[in-house]
Amino acid sequence: MTSHVERTTHDDDLFVRMDRAFGVPVLSQAIWRLTEPLAAEELDRIGRRLLDTPISRRLRRSRIPFVRDHWTAAAATAGRTHLDPELADDEVLDWIERAADVRFDLALGPVWDLRAAPLASGGGIVTLCSSHAVGDGWLGGRAILHATGDDDSVDAHYAPATPSLPDQIRESATQLGTVGAGLVGLLRDSWSTRGDAGATGQSSEKRPVTSQSTPPPPAPTDDEVARETTIRTPLAIVSIPGDDWRSTFSASGGTSNALFLAIVTGLIVGAGRASWEDTVRLSIPMSVRPEEDTRANSTTGLTLDIPAEWSRSRDLSAIRQAAKETYRRAGTGAGRPPRLQPLIQALPDAAVATLSKNAATPLALASNGGVVDPLFAGLGDPSRIGTFASRATTQGVSRERLVRLRGGLAAWFHDTGETTTLAVSGLDPAAFPTSAELCASVQKECARWGLTTIPW
């Protein structure tokens, strides 16, 4: 039984603001292709058990300055289940995209949607869509393991406490102190950086290519924004024989992760956002979630600069070493973003929206889910494992807004043993105008590595 107050983390606040301040909520989607279809009774059972997990939560906004919002259990309003009619293979991707059109409400629910359908070619497909604000991929994965398991004692019913008035007064004072300490740290950092710049002069090192390397377009007028229409961001999902994937990275002296990062780098070059002579900055999410941690989002974002030449020359050993060093350095030092986070979290939505007008999304996000737990991949039954994919997508976004955000792509990798899967979202409307063109780019880059791909 969870009895502590579950306050929103800095990561939670990012996704809450995307929903409430910017009107473009972020949705997480997990997709299973099983060798057997899911029966209606099992689908309902999984849905009922998900109601007891930490992703079944609702947001309570605070009206007291500097007091963080908190989560409460959402109970029966948290989610819904649907069993859809049979699908042909060429209907699968559209079904996945339509499933992600569901709308969530952080205050009232629902915050997740579980959907399944049998496949005409045999087997079945299942997707769980959830608001990213209520849980990152790691928390969602743990919720599924609980919901598909046989032990009712695992992951006791999620029931965070409601803060009392004295709790909120203490929270306000604590957060005010944290904000003040952060501002003092920023001033200290500023003076230190100024001194270092005077001593060392301007660096001649070539800067990596990021989304901010692309100048922002002119700010639109209110009328122009009003005329924008929302789109589905292009999506490509391809499966690759697991043995082929493993032999490819082994032959190049790398790891599965290094090959994934090399392919993402190659896609950015292929999109025209960088050249083979450039260094490409990748954004890598990494879980920092301890066991039994029920926080909604507990992920840190790392950056990894990859010389594109390493991908062109298949130097996976260099990429492997660079990634290893990045993971080793994770969490060291305070830095500007951590000092600013408490202050940003204390600001009202309107202020955050104003400060974020020229914000840019990462040029390339590379999320490696690695080897998938067999119980998870088979939704509780390893004998029916087919393939698994996941992604996150921004809802309610227009083509024009994507241009202003200057992103390139976001990619996710998973390995179920027999099959590895790449899911890629196109965030650059010029480079990836449609899902079909994005899929062609993914297949071309994989073919450069000698990999055969089967598009979903």
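Where is P110 placed in this chain? P110 is in the loop between helix 3, residues 92–99, and strand 6, residues 112–118. Before I go on, a reminder that this is a predicted model.

Next, two backbone angles. F66 has a positive phi of about 70°, and it is not a glycine. R406 is another residue other than glycine with a positive phi, in this case near 65°. Both sit in loops: F66 between strand 3 (57–60) and strand 4 (70–73), and R406 between helix 14 (399–405) and strand 13 (409–415).

Now Y158. This tyrosine is in the loop between helix 4 (137–148) and helix 5 (165–200). Is Y158 buried or exposed? Its relative accessible area is 1%, so Y158 is buried. Its side chain makes a polar contact of 3.0 Å with the side chain of R57. If you want a sense of distance, take Y158 and A173: they are 15 residues apart in sequence, and their C-alpha atoms are 28 Å apart in space.

On to the nonpolar cores. The largest has 58 residues, and the members touching the most other members are W32, L50, I96, I125 and I237. Strand 2, residues 26–34, supplies the largest share of this core, with 5 residues. Leaving out residues up to four places away in sequence, W32 has contacts that include G124, I125, V126, T127 and L128, and also F376, A377 and L379. There is a second, separate core of 43 residues, with A262, A308, A366 and A411 among them.

A word on T248, in helix 7, residues 242–251. T248 has 12% relative accessibility, so it counts as buried. Beyond its sequence neighbours up to four places away, T248 touches L259, W449 and L451.

How values were computed
Residues are numbered from 1 along each chain as its sequence is written. This is a predicted model: local features need pLDDT of at least 70, side-chain atom pairs count only at pLDDT 80 or more; totals for chains, interfaces and linings use all residues. Side-chain values use heavy atoms; hydrogens and water are left out. Helices (H or I, at least four residues) and strands (E, at least two) are DSSP runs, numbered from the N terminus. Buried means under 20% relative accessible area, exposed over 50%, partly exposed in between (1.4 Å probe, protein chains only). A polar contact is a pair of N or O atoms within 3.5 Å; within protein, one must be able to donate a hydrogen and the other to accept it, and residues adjacent in sequence count only if both atoms are side-chain atoms. A nonpolar core is a set of buried Ala, Val, Leu, Ile, Met, Phe, Trp, Tyr and Cys residues joined through side-chain atoms within 4.5 Å. Contact means heavy atoms within 4.5 Å.
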